[in-house]
Amino acid sequence: MKSVARRGIHYLHKLNAEHIPKHVLEKGQDRVIEASLTLIRERAKLKGELLRSLGGVGASAALLGVPLGHNSSYLQGPAFAPPFIREAIWCGSTNSTTEEGKDISDPRVMVDVGDVPVQDLRDSCIDDDRLMNIVSDSVKIVMEEEPLRPVVLGGDHSISYPVVRAVSEKLGGPVDVLHLDAHPDIYDAFEGNKYSHASSFARIMEGGYARRLLQVGIRSINWEGREQGKRFGVEQYEMRTFSKDRNQLENLKLGEGVKGVYISIDVDCLDPAFAPGVSHFEPGGLSFRDVLNILHNLKGDIVAADVVEYNPQRDTADAVTAMVAAKLVRELTARISK
């Protein structure tokens, strides 16, 4: 039923486009795009100016929401995730200090530059080729304002491709990518969609945006996932060998000789016992402490990150997975800021 609905939306867009002269449609789309980028630009500029006036800030994490869910192959609930994650970040049930002792209420640790208005853009008949470019442009706008470094709130995992692309292009070279996930997301074009959330890392590797890609937490992988991994030289760490790999993964050193480290966390890297609010339940995953040990012990300059695939429509009544996603964001900001 969902795929039928998705086709229906695309058909309505096609009809709208056919009934409007091309030049009128394109001019209108350009205005919507520019308005979308302007708000992010001005918010990022304001936060950057604030931090530069404070002085002594080497890097501050800047939250950027990308509420995109239509490239999911199953459920589209991740499109609703960013506001739930933000609410959980500031939940009064905990304080604002990370485990490493940084206070996220300090703008030198974390700021927020808002969301890419994905639904408004799609309602303007903007296709995925342009939409991915808008996500990339938004990330670059944030990075232009020193000392901001983007932490992107998804959204489904398709957003990682335009984000990593933007980071690599802005920094002028490839990065090392640490990808925590139950799935390798490296199909060539899952269900014929080159932008599928199951194909994002194929696009990243094809583009040369990553030198090394380490995939940790994998426990749902087929022959294509393994073949694609071999094709791109991916270092895949499956859960069935995690006890053997644990020491190595908790002592990673990445980013030397490239432009830094990018971290992508799909919330379903965690066992569903820790994070039930995801679209794909894959038992046998990482514990929350496993993930934090990997993040806290990682040696390398983290230049950007994303947290994706939280699905509030499948979360518990007390939103436990939102708190899980929020803590992942908090701990990432602590590692990025300096």
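This is a predicted model: local features need pLDDT of at least 70, side-chain atom pairs count only at pLDDT 80 or more; totals for chains, interfaces and linings use all residues.

**A loop residue and its surroundings**

Author: A319 is placed in the loop between β8 (302-308) and α11; helices (H or I, at least four residues) and strands (E, at least two) are DSSP runs numbered from the N terminus. Residues are numbered from 1 along each chain as its sequence is written, and side-chain values use heavy atoms, with hydrogens and water left out.

Although A319 is not a glycine, its phi is positive, at about 55 degrees. With a relative accessible area of 24%, A319 is partly exposed; buried means under 20% relative accessible area, exposed means over 50%, and partly exposed lies in between, with a 1.4 Å probe and protein chains only. C125 is likewise not a glycine and has a positive phi, of about 65 degrees. C125 belongs to the loop between α4 (118-123) and α5, but it is buried, at 17% relative accessible area.

Helix α11 covers residues 320-336 and contains T333. This threonine has 0% relative accessibility and therefore counts as buried. Apart from neighbours within four places in sequence, T333 is in contact (heavy atoms within 4.5 Å) with A61, L63, I104, V109 and M110.

The next element to consider is the sheet. It is open, has 8 strands in the order β2-β1-β3-β8-β7-β4-β5-β6, and shows parallel pairing; two strands pair if DSSP finds at least two bridges between them. Because β2 (110-115) and β6 (235-238) stand at the edges with a single partner strand each, one side of each has no neighbour in the sheet. On average, neighbouring strands are turned by 15 degrees against each other, direction ignored; axes are lines fitted to C-alpha atoms, for helices over the stretch in contact, and angles run from 0 to 180 degrees between N-to-C directions. Helix α2 (residues 22-54) packs on this sheet and touches β1 (60-66), β2 and β3 (148-154), its direction making about 170 degrees with that of β2.

Helix α2 also contains R52, which is partly exposed, with a relative accessible area of 42%. Beyond four places in sequence, R52 is in contact with K45, E145, E146 and P147. Two of these partners, E146 and P147, are joined by a cis peptide bond with omega about 5 degrees. P147 is located in the loop between α5 (128-144) and β3. A cis peptide bond also joins G154 and G155, with omega about 10 degrees, and G155 sits in the loop between β3 and α6 (160-171).

Strand β4 (residues 175-180) is mostly covered, 6 of its 6 residues being buried. In a regular strand, side chains alternate between the two faces of the sheet. In β4, V175, V177 and H179 point one way, while D176, L178 and L180 point the other, and all are buried. D176 has a relative accessible area of 0%, and its contacts beyond four places in sequence include R211, R212, L254 and Y262. Strand β4 runs parallel to β5 and is joined to it by 5 bridges, with L180 opposite V216. Strand β5 (residues 210-218) in turn runs parallel to β6, with 4 bridges between them; Q215 stands opposite Q236 there.

Viewed as a whole, the protein chain comprises 11 helices and 8 strands. Its radius of gyration of 19 Å is close to the 20 Å given by the globule rule for 338 residues, so the chain is as compact as a globular protein of that length; the radius is taken over C-alpha atoms, and the rule is 2.2 Å times the number of residues to the power 0.38. Buried residues account for 57% of the 338 residues. Of the contacts with a separation of 6 or more, 79% are between residues 24 or more positions apart.

As to confidence, the mean pLDDT of the chain is 94, and 95% of its residues reach 70 or more. Over residues 1-5, however, the pLDDT is below 50, and this stretch has 5 contacts in the model beyond near neighbours in sequence.

Key: pLDDT is the predictor's confidence in each residue, from 0 to 100.
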